[in-house]
Amino acid sequence: MYQIDIMTLFPDTMGDMVNDSILGRAQDRDIIRVDCHQIRDYTLNKQKQVDDYPYGGGHGAVMQADPLYQCWKHLCDRAGYPVHTIYMSPAGRTFCQAEAKRLNADYDHLILVCGHYEGIDERFIEECVDEELSLGDFVLTGGEIPALAVADAVCRLVPGVLPDPECYTEESHWNGMLEYPQYSRPEIWHDRAVPSILLSGHHAKIAKWRRKQAILRTRTRRPDLYAKLDLSSREDQKLLAELESETKPQT
Ligand SMILES: C[S@@+](CC[C@H](N)C(=O)[O-])C[C@H]1O[C@@H](n2cnc3c(N)ncnc32)[C@H](O)[C@@H]1O
């Protein structure tokens with residue numbers, strides 16, 4: 001079983017997300033377990049205060065080290081080992097599919113720490129955090145959305161969570177490409193028809209069409225990813241030649 005413990009000031013809101021849909025069903029089947037823990041429950045003061053003013057002055061409040069530490073220690077003591085701990089932070093390495101793959105392959109238990117206010121006391125990070133991950137180059141009010149994103153991306157790679165590994169190996173970013181366009185019923189919607197090849201039942205031709213669309217999409221939308229692709233196989237070279245002739249202006 002893959003276990004993720006999320007340390008947060010908003011466990012109920014987060015619980016609704018992780019207990020529903022695909023992750024909820026995977027938890028019901030004991031394939032994964034995602035638990036959200038209220039950091040306030042680990043304060044040693046009556047007011048359950050978890051934050052205080054920043055030393056040196058400045059706006060807002062900083063989450064204090066000790067409530068975070070008590071919560072983290074409880075989770076590690078319960079596990080019986082130092083659980084790999086990630087602080088969600090705009091100053092961390094940017095999270096991506098390769099990071100999700102790594103976290104899935106290298107660990108079976110994670111603690112995700114959600115900051116709030118101006119962030120958390122650096123001494124907790126120094127003592128307890130193994131790595132910092134960012135959702136992107138922007139600042140959110142809290143680490144809850146990033147933690148949910150990491151938990152979701154990692155958990156859907158756990159065997160059995162999705163019906164088949166192809167559910168994720170054919171998706172965007174698995175092999176550095178964007179996915180081909182998808183269609184469902186009806187065949188015609190608002191005068192827009194589904195590409196006829198997808199109705200042909202010819203699996204090899206459909207696979208070729210999808211590969212070609214994925215190449216085209218990646219080239220058009222993400223030239224940075226396209227530049228890193230290995231398209232040297234004979235099949236891909238053929239698809240590239242086809243794309244070239246299709247996009248050449250008619251003379
Ligand atoms: C308002 S932010 C603090 C930002 C911090 N003062 C700074 O400038 O780096 C509050 C919390 O939201 C979370 N957070 C905000 N943006 C994030 C991002 N892009 N990725 C991951 N976590 C983020 C972090 O847990 C952070 O402690």
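Which residues of α10 are buried? In α10, they are Asp-236, Leu-239, Leu-240 and Leu-243. Buried means under 20% relative accessible area, exposed means over 50%, and partly exposed lies in between (1.4 Å probe, protein chains only).

This is a predicted model, in which local features need pLDDT of at least 70, side-chain atom pairs count only at pLDDT 80 or more, and totals for chains, interfaces and linings use all residues. Residues are numbered from 1 along each chain as its sequence is written, and side-chain values use heavy atoms, with hydrogens and water left out.

## Helices

Helices (H or I, at least four residues) are DSSP runs, numbered from the N terminus. The expected span of a helix is 1.5 Å times one less than its number of residues.

| Helix | Number of residues | First to last C-alpha | Expected span |
|---|---|---|---|
| α6 (residues 144–155) | 12 residues | 16 Å | 16 Å |
| α8 | 19 residues | 26 Å | 27 Å |
| α10 (residues 234–247) | 14 residues | 20 Å | 20 Å |

Start with α10. Its buried residues are Asp-236, Leu-239, Leu-240 and Leu-243. Seen down the axis of α10, these fall within an arc of 100 degrees, so they line one face of the helix. The arc is that of the directions from the helix axis to the C-beta atoms. The face of α10 turned away from the buried side carries the exposed residues Arg-234 and Lys-238. The cover over the buried residues of α10 includes α8 (203–221) and α9 (223–226). Contact here means heavy atoms within 4.5 Å.

Now α8. Ile-206, Trp-209, Lys-212, Ala-214, Ile-215 and Thr-218 are buried in this helix. Their cover includes α9 and α10.

Helix α6 is largely enclosed by the rest of the structure, because nine of its 12 residues are buried. Among them are Glu-144, Pro-146, Leu-148, Val-150 and Cys-155.

## Around Leu-68

Leu-68 sits in helix α3. Its relative accessible area is 0%, so Leu-68 is buried. Leaving aside residues up to four places away in sequence, Leu-68 touches Met-7, Ile-39, Met-63, Val-113, Ile-120 and Phe-124. Gly-136 lies 68 residues from Leu-68 along the chain, and their C-alpha atoms are separated by 24 Å.

## Aromatic pairs

Rings of Phe, Tyr and Trp (its six-membered ring) pair if their centres lie within 6.5 Å; planes under 30 degrees apart count as stacked, over 60 as edge-to-face and the rest as tilted. By this rule there are three aromatic pairs. One of them joins Tyr-69 and Trp-72, a tilted pair with 6.0 Å centre to centre and 35 degrees between the planes. Both residues lie in helix α3 (residues 65–79), three residues apart, about one turn of the helix. An α-helix has 3.6 residues a turn, so residues three or four places apart point the same way. Tyr-69 has a relative accessible area of 25% and is partly exposed. Trp-72, at 13% relative accessibility, counts as buried.

Tyr-168 and Trp-174 form another tilted pair, at 5.1 Å centre to centre and 50 degrees between the planes. Tyr-168 and Trp-174 are both buried. Lys-101 lies over the face of Trp-174, 4.0 Å from the ring centre. A charge sits over a ring if NZ of Lys or CZ of Arg is within 6 Å of the ring centre and within 35 degrees of the ring normal.

## Salt bridges

A salt bridge is a side-chain nitrogen of Lys or Arg within 4 Å of a carboxyl oxygen of Asp or Glu. The count comes to 15 salt bridges.

Where is one of them? Arg-33 and Asp-35 meet through their side chains at 3.2 Å, N to O. Arg-33 is partly exposed, at 30% relative accessible area, whereas Asp-35 is buried, at 17%. Asp-41 and Lys-48 form a salt bridge at 3.8 Å, N to O. Lys-48 is partly exposed, with a relative accessible area of 38%.

Arg-102 bridges to Glu-99, with the closest N and O atoms 2.5 Å apart. These two are three residues apart in helix α4 (residues 97–106), so about one helical turn separates them. Arg-102 is partly exposed at 25% relative accessible area, while Glu-99 counts as buried at 11%. Salt bridges link Arg-93, Glu-99, Arg-102 and Glu-131 in a network.
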